[in-house]
Amino acid sequence: MTVMEQRGAYRPTPPPAWQPRTDPAPLLPDAEPYRVLGTEAAAKADPELLRTLYAQLVRGRRYNAQATALTKQGRLAVYPSTTGQEACEIAAALVLKEQDWLFPSYRDTLAVVARGVDPVEALTLLRGDWHTGYDPYEHRVAPLCTPLATQLPHAVGLAHAARLKGDDVVALAMVGDGGTSEGDFHEALNFAAVWQAPVVFLVQNNGFAISVPLAKQTAAPSLAHKAVGYGMPGRLVDGNDAAAVHEVLSDAVRHARAGGGPTLVEAITYRVDAHTNADDATRYRGDAEVETWREHDPIQLLERELTARGLLDEAGKQAARDAAEAMAADLRAHMNKDPALDPMDLFAHVYAEPTTQLRDQREQLRAELEAAAETAPEGGTHR
Amino acid sequence: MTTVAVKPATMAQALTRALRDAMAADPAVHVMGEDVGTLGGVFRVTDGLAKEFGEDRCTDTPLAEAGILGTAVGMAMYGLRPVVEMQFDAFAYPAFEQLISHVSRMRNRTRGRMPLPITIRVPYGGGIGGVEHHSDSSEAYYMATPGLHVVTPATVADAYGLLRAAIASDDPVVFLEPKRLYWSKDSWNPEEPVPVEPIGRAVVRRSGRSATLITYGPSVPVCMEAAEAARAEGWDLEVVDLRSLVPFDDETVCASVRRTGRAVVVHESGSFGGPGGEIAARVTERCFHYLEAPVLRVAGFDVPYPPPMLERHHLPGVDRILDAVGRLQWEAES
Ligand SMILES: Cc1ncc(C[n+]2csc(CCOP(=O)(O)OP(=O)(O)O)c2C)c(N)n1
């Protein structure tokens, strides 16, 4: 038989029937971002929760304004504001139980403060006297993370370790829309799904990564859609609707706690201020766009709902403003003091035991400082 | 002879001009990175390029350093000459896999058939009050990777000349931009930029007889200042600006050290396992009989780059350099 004849006789066997490992349909996000405020769902929202959210949003807005003002006075090296994104920041902190962990990005100071970290300690990185001001174990908040998306695998590892130990711990990790392009985002989501780790990923899609709009960042239908590829549910939520963000994150945290594995939540929001105080946003966007988002402001949305339901009156608003003002005054008072800095701290905490090289270098600096103190006895400040 | 107006320009402007001229001269040159398009880069070094050459030639990429450098490898394989921007020193680290596993060794592993003419621009170093991850000096990692050129300008003219040379190079070049010199001004003639220097030549910035300060990038102006200050103490210091760390210009460095008999290496990155150790060893190997004192190093401390409020205690300054210069008299004392 020739080869050709053999070929003619060949009947390919069909491949075994292919089955998707997971049914993708339940993992897919809704077509529209989930909303509560201004919809029928709002009637079911717990009034106490709404009031708490409101007070915290007002406080958060004031915190952003105060921190931004502190950059102008040279008290902070830089501040990435979350004005307009307060609903995401606050909900992220409020849905966690005491034993849970928060993994913030460099922008998420507000979530860190809402979680209970001292406002001054939360700003240490941005003031520039130390890289992390707070004890991560005290409130279970990882250090504010500057390299993008690198905190996400940490969150997965911590949650995984806690589960291995049999502890009831959920990790909530925050990342920006730009950060979802980093390789670490992919690796974290993949690990989390394979390990069924109790993690919630919160993407704050605020429209821009510095100057780059989402359209240049991804071609996905939404960032929440990315979840399906990893085998976890993706949820899309209106990031300016505090009640909706709180509900969606609570669901995801509950799901993780119950052993259901990770969820990817995309909150659609907007960065009203520039990327940081050092950025010039007029180079990449127009005022009109910002204005439409101002009309969809998280505080106003909640205020309207509360007022309509008779849960908030002028006195209530004033009380929230007063509390926020007191926080701001306190923050100013603390931030306007020069931090006590010891140059010798350079050598503290590099290793558990300093190396011989570091001991030598420490002595070198000590000698230099002593010599300098002799020539300038009045001494200088460290600023 | 016509005299051309020599105007002050910043290093950032000279870099922009170098990119623009390179893109105009060769359609294969593509600029890419985070925020390099509409914004013109966070330091505005790519300002105007997207407008002039289109977004296909000056591209805002997704936010992924490994992706930026990895796709640049493929583009270079297909005949383009990518110039990529890593936004800040410490944000280049996600790209190290591509840099070390592929960019640096593609020529070697393909027996020379697949060279990669990629320029990797990395703003580096401290002194600008940046928060964590915005002030690293990573040159030792790059220097330790065979297959890469590593260059760093200290003057406006060199910023132009070296960047043109880097883009023209058929090998990958890590182009380290001392970010605290971005706004430093020099008299520079943008109409007739200095002839493009080949990569690998050091230059004597200031001649002197008593000792040589060997330095590069952000430490060059500090050494120049130290040399001026040292005059009061009777020291006539020579300052050698390396400009290129790989390849290393043994000739210029050793000629200087042989003349002066004493040397101090100055840089911001840590001294342990840092560039200074390599430089001191090379100088000692080649100039042992000329040396009146051991080659000393003045460097940053061996600590993670400190927060901005402490960085002035970390960065090598004039006093620390003068102190080392004083210690070069050791032989007379012993
Ligand atoms: C690995 C890495 N690359 C680059 C940067 C510089 N950088 C800081 S913030 C930023 C944009 C981040 O955008 P996004 O993730 O959308 O978060 P947002 O700032 O909008 O909250 C960039 C590029 C960084 N911090 N880390």
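B:Tyr141 counts as partly exposed because its relative accessibility is 49%, where partly exposed lies between buried, under 20% relative accessible area, and exposed, over 50%, with a 1.4 Å probe and protein chains only. This is a predicted model, in which local features need pLDDT of at least 70 and side-chain atom pairs count only at pLDDT 80 or more, while totals for chains, interfaces and linings use all residues. Residues are numbered from 1 along each chain as its sequence is written, chains are lettered from A and ligands numbered from 1 in the order in which they are written, and side-chain values use heavy atoms, with hydrogens and water left out.

**Aromatic pairs**

- Over all chains, 16 aromatic pairs are found, a pair being rings of Phe, Tyr and Trp (its six-membered ring) with centres within 6.5 Å, stacked if the planes are under 30 degrees apart, edge-to-face if over 60 and tilted for the rest.
- B:Phe96 and B:Tyr141 are edge-to-face, because their planes stand at 80 degrees, with the ring centres 6.0 Å apart.
- B:Phe96 is buried, at a relative accessible area of 15%.
- B:Phe96 also forms a tilted pair with B:Tyr142, at 5.4 Å centre to centre and 50 degrees between the planes, and B:Tyr142 is buried as well.
- A cluster linked by ring pairs comprises B:Phe43, B:Phe88, B:Phe91, B:Tyr182 and B:Trp183.

**Helix packing**

- In chain A, helix 3 (residues 86-94) and helix 11 (residues 242-257) pack at about 35 degrees, with their axes 9 Å apart, helices being DSSP runs (H or I, at least four residues) numbered from the N terminus, and axes being lines fitted to C-alpha atoms over the stretch in contact, with angles from 0 to 180 degrees between N-to-C directions.

Methods: Helix = DSSP H or I, 4+ residues; strand = E, 2+ residues; numbered from the N terminus.
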